[in-house]
Amino acid sequence: MDPRARVRLTSAVSRDPLEPKAGRDTVRRHNLSLVLRAVRDAGEITRAGVSARVGLTRAAISSLVEQLLDGGFLSESGKTFSGLAGRPGTVLKVARTGVAGIGTEINVDHVAVCVVDLAGTDRVRLVEHLDNRGAPPAQVLCRAAAITARALVSAAEQDLRPVGATLALPGLVSSGTVWQAPNLGWSQVTAEEPFTHALAALRPELPALPVRSENQANLAALAELWFGSLGRVRTFLYLTGEIGVGGALVLDGELLRGAHGFAGELGHVMVAKDGPECRCGARGCLEQYAGQRAMLSAAHIDRSSGGAALAELERRARTGDGRALAALNQAGLMLGRVLSGAVNLFDPAAVVLGGIYGPLAPWLIPGASIELSTHVVSGLWPQTGTRLRAASPAADAARGAAGLVVQDVLSDPLLYAQRAATG
């Protein structure tokens, strides 16, 4: 190659970089996020403490903190702290009023709505037990909007202002569409727009809320990550049981969504080729052996009473009822069979059982552990630190849905300050 051509090529590359330089606005947005997250993570901290945590000068921190105070994201507690060199500093904490997130979970037999503040505290929770099976999607979304509207009233009474909403939906969810939710009977249902319109009609005095939708199991997994008891675990497999069975995989703190957003559908992994037909159209899915209906039927418990039936299953297991114990052991074995394949594939640091599996975990885990110990490669299940555990009671899809909004605010508080100013 002509050396002069090499020089010309090098010059062209240097003048046309692959990534543009970050402008002042981008840098400031990033730094505002750093400061807000530092205060949120610390609970209470001085400006000097924030400076030490994020590595910016005290002058820069002061400017950023003032902007966050003016935007209503932070508050000063009135306390002072003199643990660092220099004069005592006023303690900062995230605001308990103002910006918040709201999440609405639509399930087969209930709708749950949660409002979470910037600190991650669950401030409003409404749950209404409804039979949504077979109901027209528009009707179900209107029901959900009505409960969400009531939650917004409760939030306003606490001086909270949700700046976005997330719908937690069962089934295959991508780009605002529920492509398939077999237990609801939904197929290719656009959920966000009718929900938004119904909510706006119920609360016309409020600015329109941005609404997005996400798979229920994904949001429950994120709730476990943000609000649960995993500690430093950032890579885990989450399995949730309701009427159906859902799953999600979190890798280093981020959801694995897959090419079409459908990753984690462990409930429809086949465990028996000639097994019973599933609502998804296949046969022998895990859901048919470890779903709510399957466990209740195997335990000879009338499943028509919903939550009461699950409470009865737990009660019978505690009293040593043979049918209940056999049903839960069989479900645990099937769960372990599917989970062992997933553990071999993804090597998670933990496997978490959520939804109805949480309270039933004491009877599901022994059977599942047998399968995991047998089938995880090289018998490494007991030695790798991977552990099967029940989900935290604080983690559910509605809270994860609200938390997703809060995470957006923490990532770019300036954007939400600007929205509030123009809204």
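I began at strand β15 (residues 387-390), which runs parallel to β14 and is joined to it by four bridges. For the record, helices (H or I, at least four residues) and strands (E, at least two) are DSSP runs, numbered from the N terminus. Two strands pair if DSSP finds at least two bridges between them.

A note on what I am looking at: this is a predicted model, where local features need pLDDT of at least 70 and side-chain atom pairs count only at pLDDT 80 or more, while totals for chains, interfaces and linings use all residues. Residues are numbered from 1 along each chain as its sequence is written, and side-chain values use heavy atoms, with hydrogens and water left out.

**Entry: the sheet around β14**

I looked up Val351 and found it opposite Leu388 in β15. β14 also pairs with strand β11 (residues 236-241), in the parallel sense, over six bridges. Here Gly354 of β14 is the bridge partner of Thr240.

Which order do the strands take? I read an open sheet of five strands, β13-β12-β11-β14-β15, with mixed pairing. β13 (254-255) and β15 stand at the edges with a single partner strand each, so one side of each has no neighbour in the sheet. Helix α11 (residues 322-346) packs on this sheet and touches β11, β12 (245-251), β14 and β15; its direction makes about 155° with that of β11. Contact here means heavy atoms within 4.5 Å. Axes are lines fitted to C-alpha atoms, for helices over the stretch in contact, and angles run from 0 to 180 degrees between N-to-C directions.

Why do I call β14 largely enclosed by the rest of the structure? Because five of the six residues of β14 (residues 350-355) are buried. My cut-offs are under 20% relative accessible area for buried, over 50% for exposed, and partly exposed in between (1.4 Å probe, protein chains only).

**Entry: Phe346**

I then picked Phe346, which sits in helix α11. Phe346 counts as partly exposed, at 33% relative accessibility. Leaving aside neighbours within four places in sequence, Phe346 is in contact with Leu249 and Leu256. Leu249 is 97 residues away along the chain, yet its C-alpha atom and that of Phe346 are separated by 8.6 Å.

**Entry: helix α5**

I checked the length of helix α5 (residues 137-157). The buried residues of α5 include Val140, Leu141, Ala144, Ile147 and Leu152. Their cover includes β3 (98-106), β4 (110-117), β5 (122-129), β6 (160-169), β9 (186-190) and α6 (192-202). Just after α5, I noted that Asp159 takes a positive phi of about 60°.

**Entry: Ser51**

Is Ser51 buried or exposed? Ser51 is buried, with a relative accessible area of 11%, and its place is in helix α3 (residues 47-54). A polar atom of the Ser51 side chain lies 2.5 Å from the backbone oxygen of Leu56. Beyond its neighbours within four places in sequence, Ser51 is in contact with Leu56, Thr57, Arg58 and Ile61.

**Entry: the whole chain**

Among contacts between residues at least 6 apart in sequence, 63% join residues at least 24 apart.

Key: Expected span 1.5 Å × (residues − 1). Polar contact = N/O pair within 3.5 Å; in protein donor to acceptor, adjacent residues only side chain to side chain.
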